[in-house]
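Let's go through this model together and ask what stands behind the words used for it. Have a look at the structure first.

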Amino acid sequence: MSVEMNLTRAQFDEVMVPNYAPSAVIPVRGEGSRAWDQNGKEFIDFAGGIAVNCLGHCHPALVSALKEQGEKLWHLSNVMTNEPALELATKLVQSTFAEKVFFANSGAEANEAALKLARRYAQDKYGEDKDQIIAFTHAFHGRTFFTVSVGGQASYSDGFGPKPQGITHIPYNDIEALEALISDKTCAIMLEPLQGEGGIIDAEPEFLKAVRRLADKHNALVVFDEVQTGVGRTGELYAYMDTPIVPDILTTAKALGGGFPIAAMLTTTDIATHLKIGTHGSTYGGNPLACAVGNAVLDVVNTSEVLDGVKAREQILRDGLNAINQKYHVFSEVRGKGLLMGAVLNNQFQGKAKDFLVAAAEEGLMCLVAGANVIRFTPSLIIPEADLAEGLARFERAVASIASN
Ligand SMILES: Cc1ncc(COP(=O)(O)O)c(C=O)c1O
């Protein structure tokens, strides 16, 4: 029997583990790039559930894929395969460098699989000593203990006892540091082609070329974490497609399900062979509901209409943020790619990104931060231009309220 409940933000503190600090607002409905809270207040969504809702809220193609699959078959586990998973894997193989796909449920899980595979591949081919993973400061790869340890923020990985070993961090975009560190002991270099959580920092093409060259020289694998950049976010299906290199392993999650949890690790046949039967797995990975939605997402996103539209919207967003800055002088830089954009606060507003987020919410705009000094924008890839303009107008009011204080 269901009980009528008056659900409030205050209850969060009573019944939820206190590892999050959600805002006071509880959204209850979304449509396209707009959402409404319990009191009917409307928001323009420039956050997209942290770069997840690539087609906005309740896109009709995703809703119908989910409904249709929901009436057919929900779950089997990997004791059996299923049609939506086979279809989605085929689409991913056809549209990327990859020849093989492993499905998971979250970015962290896809990265966990990638790291285990890189270690196993190196161990099988070159022996147990080849275990070093090179990673980068400010990187973010998820919250499992392996992925958070490979991530470059000690504050996230400290305090949980002994960490997985064999991981070394160096500064992002630092070719000399990479040259100095890499050796035949290195099994993988793991990086985001554009650091998201770390502050919206793009990899320099020369740095990526060095990553590929040095990895090849030392028989190490290049692992691209495209959990945030993937599925159209930067204006390509995957960000690597607009870089001078191709990775050996790529992870994708977030936008792959447009809001339904799904992730995948993509790789070549030669590398995939090393995850033999029983070496790795997941109960839900490749779940038919998730894969049915993933298929619908790819069908919509992997088109020139949507991908070119991202580049057009990028320009509008960038111009809008720059225009706001010309009036209020709050940013030192507007950076990023596609619809993964960061406005970097200047010296006067250091550490205040959260204040802008709160002020924006008051004005009816959802946006994000990436660290304490960067306001992050990851709207739907198909946000209507009118919503983009209205969101920018609301953001301008938020900026004005802080700058005039
Ligand atoms: C680049 C990157 N990798 C991994 C993750 C972790 O993904 P998830 O939260 O789905 O485990 C994130 C999440 O923000 C991310 O941005």
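**What stands behind the terms**

Q: What makes strand 2 and strand 3 a hairpin, and which residue in the turn has a positive phi?
A: In this predicted model, strand 2 and strand 3 form a hairpin with 4 residues between them. The residue in the turn with a positive phi, of about 85°, is G40.

Q: How do you know that strand 2 and strand 3 pair?
A: Pairing asks for at least two bridges between two strands. Strand 2 and strand 3 (residues 42–45) are joined by 3 bridges, so they meet that cut-off, and they run antiparallel. Within this pair, A35 stands opposite F43 of strand 3.

Q: What makes strand 1 and strand 2 a pair, and in which sense do they run?
A: Here there are 4 bridges between strand 1 and strand 2 (residues 34–37), and the sense is antiparallel. With at least two bridges needed, the two strands therefore count as paired.

Q: Why are strand 1 and strand 15 said to stand at the edges?
A: The open sheet has 4 strands in the order 1-2-3-15, with mixed pairing. Strand 1 (27–31) and strand 15 (365–366) each have a single partner strand, so one side of each has no neighbour in the sheet.

Q: Why are helix 13 and helix 14 called oblique to each other?
A: The axes of helix 13 (residues 353–362) and helix 14 (residues 385–403) cross at roughly 125° and come within 8 Å. Roughly perpendicular covers 65 to 115 degrees and roughly antiparallel begins over 145, so the two helices are oblique. The crossing is right-handed.

Q: Which residues make the contact of helix 13 with helix 14?
A: From helix 13 come D355, F356, A359, A360 and E362, and from helix 14 R394, F395, A398, V399, S401 and I402. By class, the residues of this contact are 7 nonpolar, 1 polar and 3 charged.

Q: What makes a residue part of the shell around the ligand, and how many are there?
A: A C-beta atom within 6 Å of the ligand is the test, and 15 residues surround the ligand. The closest are S106, G107, A108, G142 and V227. Helix 5 (residues 107–126) gives the most to this shell, with 3 residues. The shell divides into 5 nonpolar, 7 polar and 3 charged residues.

Note on methods: Residues numbered from 1 in each chain as written. Predicted model: local features only at pLDDT ≥ 70, side-chain atom pairs only at ≥ 80, totals over all residues. Nonpolar A, V, L, I, M, F, W, Y, C, P; charged D, E, K, R; others polar. Axes fitted to C-alpha atoms, helices over the stretch in contact; angles between N-to-C directions. Parallel < 35°, antiparallel > 145°, perpendicular 65-115°, else oblique. Left-handed = near helix turned anticlockwise from the far one by under 90°. Contact = placed C-beta atoms within 7 Å.
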